[in-house]
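Hi,

Here is the structure I promised to pass on. Have a look at it first, and then read on for what turned up.

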Amino acid sequence: MRNLTSFTKMYESERKELVEILKSRGITNQRVLDAFMKVERHLFVPDIMKQHAYKDVALPIGMGQTISQPYTVAFMTQALDPQPNKRYLEIGTGSGYQAAIIYEMGGRVFTIERHHDLYNSAMKIFDQLNLKIAARCSDGTIGWSEFAPYDGIIVTAGGPTVPLNLKKQLAVGGKMVIPVGDKQIQTLNVLTKISEDKFETHEVPYFTFVPLIGKEGWDGK
Ligand code: SAH
């Protein structure tokens, strides 16, 4: 069994309240709700933000980036529906929280972050919590071909299109959850790969993510 809980169960009642909020907003997958109860979000945010960790809001994590709002993480995870021992690629490690949720649900997680500082602090927390998550620092829009194909891909930053490399690296039958739109507002695209070149897409408006910057994303430094 995986065990992400620390000795002292900090903020347990706050986590319960958050799970109730997620339920009231339409998150029904019990495995997702259980993961939210287990993973300690306060460990993934800067110290001064800890008291806000269980509010249903995005919080700054440095480098102009954010840990996504819990509802958004829950909604995307429910759409991805991670299964034990299947392989998942995440683009945009950020704080590492989303990766930890998929790991807690039993998935084998591969995650990519472009910012060195965020990559380093996520690696540190994965290590402290003994989460066996594979992480790398690079442009996630080109994917991570070495471990492809993935049973699911989740992109936690918003780009102009669905990167072709990610489509290629998704297994047939797999799902990709990715926000697509302009820099202000995006539609969450949930793609299912039907065959090597056929995808079915379900679109859910409206979400706001930080920009996906890279070869198949927005230009940026
Ligand atoms: N999943 C994260 C959300 C972080 S915000 C969490 O749970 O905290 C999205 C992240 O995507 C940011 O950290 C940003 O630096 C990163 N990002 C943006 N474009 C990227 C790219 N092309 N490759 C990898 N990471 C990228």
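A quick definition to begin with: a salt bridge here is a side-chain nitrogen of Lys or Arg within 4 Å of a carboxyl oxygen of Asp or Glu. Before the details, note that this is a predicted model, where local features need pLDDT of at least 70 and side-chain atom pairs count only at pLDDT 80 or more, while totals for chains, interfaces and linings use all residues. Residues are numbered from 1 along each chain as its sequence is written, and side-chain values use heavy atoms, with hydrogens and water left out.

Searching the whole structure gives seven salt bridges. One of them joins the side chains of Asp56 and Arg25, at 3.2 Å from N to O. This pair ties together distant parts of the chain, 31 residues apart: Asp56 is in the loop between helix H2 (30-38) and strand S1 (59-62), and Arg25 is in the loop between helix H1 (12-24) and H2. (Helices are DSSP runs of H or I with at least four residues, strands are runs of E with at least two, and both are numbered from the N terminus.)

Now the ligand. There are 27 residues around it, and Glu90, Ser95, Glu113, Gly140 and Ile213 come nearest; "around" means having a heavy atom within 4 Å. As for polar contacts (N or O pairs within 3.5 Å; within protein, one atom must be able to donate a hydrogen and the other to accept it, and residues adjacent in sequence count only if both atoms are side-chain atoms), the side chain of Ser95 has an N or O atom 2.6 Å from a ligand oxygen. Glu113 also puts a polar side-chain atom 2.6 Å from an oxygen of the ligand. With Ile213 it is a polar backbone atom, 2.6 Å from a ligand nitrogen. Taken alone the ligand exposes 570 Å², and the protein buries 99% of that (Shrake-Rupley areas, 1.4 Å probe).

Which elements give two or more residues to the shell around the ligand? They are strand S2 (65-67), strand S3 (87-91), helix H4 (97-104) and strand S4 (108-113). S2 has the largest share, with three residues.

Most residues other than glycine have a negative phi, and most peptide bonds are trans. The bond from Ala148 to Pro149 is cis, with omega near 0°, and Pro149 is in the loop between strand S5 (134-137) and strand S6 (150-155). Met63, in the loop between S1 and S2, has a positive phi near 55°.

Cheers
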